[in-house]
Amino acid sequence: METEKKPASAVSDIGAWAMNVVSSVGLIMANKQLMSPSGYAFVFATTLTGFHFSMTALIGMVSNATGYSTKKHVPLWELLWFSVVANTSITGMNLSLMLNSVGFYQISKLSMIPVVCVMEWILHGKHYSSKVKIAVIVVVVGVGVCTVTDVKVNAQGFLCACVAVLSTSLQQISIGSLQKKYSIGSFELLSQTAPIQALSLLLLGPFIDYYISGKLLASYKFSSPAIFFILLSCFLAVFCNISQYLCIGRFSAVSFQVLGHMKTVCVLMLGWLLFDSELTLKNILGMAIAVLGMVVYSWAVEAEKKQADSKVIPYLTDASEEDVKLLKQQVDGSLPLKDVELGKSQG
């Protein structure tokens, strides 16, 4: 029974991650066409994110109404708190991109992995093996070599980058925590937070976008191709949002960050293929190092799990299958420690 579940679980994990990579990369490509001056010059990024969450909220309501998904209770204050953190992340990232050089913006994004590690250690007492730490460093170095160019820092930009990194890291940890705390599925959680985020972003977005771009949404001339790309962006964002919640529910926030850097490599490759972006030897070297780091990270995490399992299983010879599963979840940190009554030991 256990051997049948493992391949199915592995396939669903790969599917969730693949869905996140494909939808994220597709979303970046669609937004590049929509927002670039050579495309349709729709520079209202925060408002566009409000459109994304509106579409997600609509799909969530239809899903609940048709009985495809069920609504589980999560306290309103927790939903509001999470939405504030998530919206702060979006606004902070937009402001960081506006105020900082591309190089410093990329460095701030790379810093999320160590920040997530420290936050998980502080909030959940989670520890990482030396193999995992080395793998994370290799990934960060590789992506840094790929993406970091000029690095200029100013006080305003540094503050916005700090807010963006802290709020994004906290958001990703919170997704996993809320799913485990309330035994709620990824889509059910997203369908409850999306309406709050959509409403707040649509109300505040035009003002934030005006501060960032100096342009009013009302002055933008919508064309049929621009509307098509807005709808395409919203469609891809729904899958991107759902897959993000799926991935963080299945993996840790750190694993999500590490695997997420595969998207950076994909974007660089597609930018070279589709938009004639320059691909230098430095980019290729950085990609190779990053991919190597991701392979090492996957191996290190798997080795860590096997080591944890080997510590538990020898002492459970007379325990039930459900007891073994619960204790293994407690060891790898996916389940909070509870009093679990095991079968009596022989002796």
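Predicted model: local features only at pLDDT ≥ 70, side-chain atom pairs only at ≥ 80, totals over all residues.

In what order do the elements of the protein run from the N terminus on? I read them off as α-α-α-α-α-α-α-α-α-α-α-α. That is 12 helices and zero strands, where helices (H or I, at least four residues) and strands (E, at least two) are DSSP runs numbered from the N terminus.

Residues are numbered from 1 along each chain as its sequence is written, and side-chain values use heavy atoms, with hydrogens and water left out.

Burial came next. Of the 347 residues, 43% count as buried, meaning under 20% relative accessible area with a 1.4 Å probe, protein chains only.

I checked the UniProt record, an unreviewed entry, for "transmembrane region". Residues 39-62 are 75% helix and 0% strand, with end C-alpha atoms 33 Å apart. Residues 194-212 come out at 100% helix and 0% strand, and their end C-alpha atoms lie 24 Å apart.

How do α2 and α8 pack? Helix α2 (residues 45-65) meets helix α8 (residues 186-213) at about 150 degrees, with the axes 7 Å apart; I note that axes are lines fitted to C-alpha atoms over the stretch in contact, and angles run from 0 to 180 degrees between N-to-C directions. So α2 and α8 are roughly antiparallel, a label for angles over 145 degrees. By class, their contact has 14 nonpolar, 12 polar and one charged residues.

Then I picked out Cys 234, which sits in helix α9 (residues 224-250). Is Cys 234 buried or exposed? Its relative accessibility is 5%, so Cys 234 counts as buried.

Last stop, helix α5 (residues 112-124). Its 13 residues at 1.5 Å a residue should span 18 Å, and the end C-alpha atoms are 17 Å apart, which agrees; the expected span is 1.5 Å times one less than the number of residues. I found Met 112, Ile 113, Val 116, Cys 117, Met 119 and Glu 120 buried in α5. An α-helix has 3.6 residues a turn, so residues three or four places apart point the same way. Just after α5, Gly 125 takes a positive phi of about 65 degrees.

Terms used. Buried < 20%, exposed > 50% of the residue type's maximum accessible area, 1.4 Å probe, protein only. UniProt positions renumbered as here; feature names shortened; annotations may be inferred. Parallel < 35°, antiparallel > 145°, perpendicular 65-115°, else oblique. Nonpolar A, V, L, I, M, F, W, Y, C, P; charged D, E, K, R; others polar.
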